[in-house]
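Student: Could you walk me through this structure, one feature at a time? I would like to learn how to read it.

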Amino acid sequence: MSILEIDDLKKMARRRVPKMFFDYADSGAWTEGTYRANEEDFHKIKLRQRVLVDMSNRSLETTMIGEKVSMPVALAPTGMTGMQHPDGEILAAQAAEEFGVPFTLSTMSICSIEDVAERTTKPFWFQLYVLRDKDFVFNLIDRAKAAKCSALVLTLDLQLLGQRHKDLRNGLSAPPKFTPKHVWQVATRPRWAVGMLGTPRRTFRNIVGHAKGVGDLASLSSWTTEQFDPHLSWKDVEWIKERWGGKLILKGINDVDDAKMALSTGADAIIVSNHGGRQLDGAPSSISMVEPIADAVGDRIEVHMDGGIRSGQDVLKALCLGARGTYIGRPFLYGLGALGKPGVTKALEIIRKELDMTLALCGKRLITDAGKDMLHR
Ligand SMILES: Cc1cc2nc3c(=O)[nH]c(=O)nc-3n(C[C@H](O)[C@H](O)[C@H](O)COP(=O)(O)O)c2cc1C
């Protein structure tokens with residue numbers, strides 16, 4: 001099968017990843033309206049076709065929070081990535097490193113901060129969920145520092161876990177439970193199952209053995225449901241920033257007022273995001289919020305965005321509307337589920353090619369020149 005677009009990787013991942021984990025990636029909250037809108041709203045934005053301009057010597061290079069990137073597309077933090085493919089976080093981090101784009105490790109990863117640090121050579125970014133157990137949070141921040149992570153991505157939009165019907169219906173858990181349904185889902189994906197048997201990384205390794213009272217799997221599920229902190233406030237950003245002491249990115253801002261609040265925190269960047277439509281169903285798509293937010297904050301803070309990017313064209317549209325950088329979640333997960341590390345590389349290559357060609361056909365040579373003048377308005 002030739003793999004030409006992200007959707008090809010999605011189809012392949014569906015065949016190779018046990019249903020409960022494929023569905024975990026391909027799901028949004030409640031009606032999935034915001035999940036769908038994230039993708040659909042990109043199609044409403046039209047590009048200006050320009051001709052007879054010099055399209056040679058093009059470059060997609062730029063920076064995100066001062067770090068050089070080969071294109072402005074980072075890998076978004078995604079939980080349980082090591083269940084899409086054995087050792088998933090390590091493989092995705094390696095693919096990103098070789099490609100020259102940032103990788104963000106989730107708090108809820110299967111491979112731990114240390115697992116990824118030991119198997120990569122350049123700094124990656126770490127995403128933090130603020131949990132009730134503050135000693136554990138302090139410790140996570142310190143571990144990310146010790147692993148030389150170069151940015152902390154603080155997620156703000158998951159004080160409560162959004163309800164995703166598919167996960168409840170599937171009885172999702174990591175590692176999978178041993179009910180007949182789950183055994184069947186795994187048994188019908190033998191390549192995945194054999195790979196999983198070959199790795200010790202099958203649970204939330206940032207947490208197990210590090211958080212108080214979580215020494216085994218039986219206690220983990222109750223721990224995670226109790227641990228997300230509904231008290232989180234703007235004040236918490238202060239102590240987190242102080243304890244971290246490095247580059248800070250605030251993730252999950254989807255409203256102009258919140259973006260303005262973020263300015264006073266001294267963070268280096270915000271990510272316009274609705275968690276890929278997994279939290280507040282009914283919220284506007286992230287792409288529809290990029291322009292109002294970028295206009296409101298100006299150049300006082302870097303604006304990044306994620307949600308619904310399925311092609312290089314989508315990346316370009318986000319940049320034209322004011323984002324300096326973007327992130328992909330599902331596109332790299334599909335690549336990983338389909339083919340492991342080469343699949344993540346493939347997802348990045350597809351996006352790079354589409355981005356580069358679209359830039360050229362819009363009459364520009366440098367990605368840093370992307371602007372509203374490239375769009376029909
Ligand atoms: C399977 C999955 C797990 C996710 N887990 C996390 C997470 O642990 N932390 C976080 O900040 N965001 C998480 N997200 C949200 C992503 O970081 C990102 O905002 C979203 O995937 C972007 O949308 P896209 O998948 O359409 O690219 C997750 C998304 C998916 C699809």
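This is a predicted model: local features need pLDDT of at least 70, side-chain atom pairs count only at pLDDT 80 or more; totals for chains, interfaces and linings use all residues.

Student: How many residues surround the ligand, and which are the closest?

Tutor: The ligand has 24 residues around it, and the closest are Pro77, Ser106, Tyr129, Thr155 and Asp306. Sorted by class, the shell holds 8 nonpolar, 11 polar and 5 charged residues.

Student: Which polar side-chain atom lies 2.7 Å from an oxygen atom of the ligand?

Tutor: For this kind of contact, the cut-off for a pair of N or O atoms is within 3.5 Å. The 2.7 Å pair involves a polar side-chain atom of Asp306 and an oxygen atom of the ligand. Arg310 also places a polar side-chain atom 2.9 Å from a ligand oxygen. On the nitrogen side, an N or O atom in the side chain of Gln127 is 3.2 Å from a nitrogen atom of the ligand. As for cover, the ligand taken alone exposes 600 Å², and the protein buries 99% of that.

Student: Back to α15, then. Is it largely enclosed or open?

Tutor: Here you count buried residues, meaning those under 20% relative accessible area. In α15, 9 of the 10 residues are buried, so the helix is largely enclosed by the rest of the structure. Among the buried ones are Arg330, Phe332, Tyr334 and Leu336. Just after α15, Gly340 takes a positive phi of about 70°.

Student: Which strands run parallel to β10?

Tutor: Strand β3 (residues 73-75) is one of them, joined to β10 by 3 bridges. In that pairing, Val73 stands opposite Thr326. Strand β9 (residues 302-306) also pairs with β10 in the parallel sense, over 3 bridges. There, Asp306 has Tyr327 as its bridge partner in β10.

Student: What kind of unit do β9, α14 and β10 make?

Tutor: They form a β-α-β unit, and its hand is right-handed; the helix in it, α14, spans residues 312-320.

Student: Last topic, backbone angles. Where is Trp30, and what is its phi?

Tutor: Trp30 sits in the loop between α2 and α3 (33-43). Its phi is positive, about 45°, although Trp30 is not a glycine. Met80 likewise has a positive phi, of about 55°, without being a glycine. You will find Met80 in the loop between β3 and α4 (88-99).

Student: Is Met80 buried or exposed?

Tutor: Met80 is buried, with a relative accessible area of 6%. Trp30, in turn, is partly exposed at 47%.

Definitions and conventions
Residues are numbered from 1 along each chain as its sequence is written. Side-chain values use heavy atoms; hydrogens and water are left out. A residue is near a molecule or strand if one of its heavy atoms lies within 4 Å of it. A polar contact is a pair of N or O atoms within 3.5 Å; within protein, one must be able to donate a hydrogen and the other to accept it, and residues adjacent in sequence count only if both atoms are side-chain atoms. Accessible areas come from the Shrake-Rupley method with a 1.4 Å probe; for residues, only the protein chains shown count as cover. Ala, Val, Leu, Ile, Met, Phe, Trp, Tyr, Cys and Pro count as nonpolar, Asp, Glu, Lys and Arg as charged, and the others, Gly among them, as polar. Two strands pair if DSSP finds at least two bridges between them. Helices (H or I, at least four residues) and strands (E, at least two) are DSSP runs, numbered from the N terminus. A crossover is right-handed if, with the strands pointing away from the viewer, the path from the first strand over the helix to the second runs clockwise. Buried means under 20% relative accessible area, exposed over 50%, partly exposed in between (1.4 Å probe, protein chains only).
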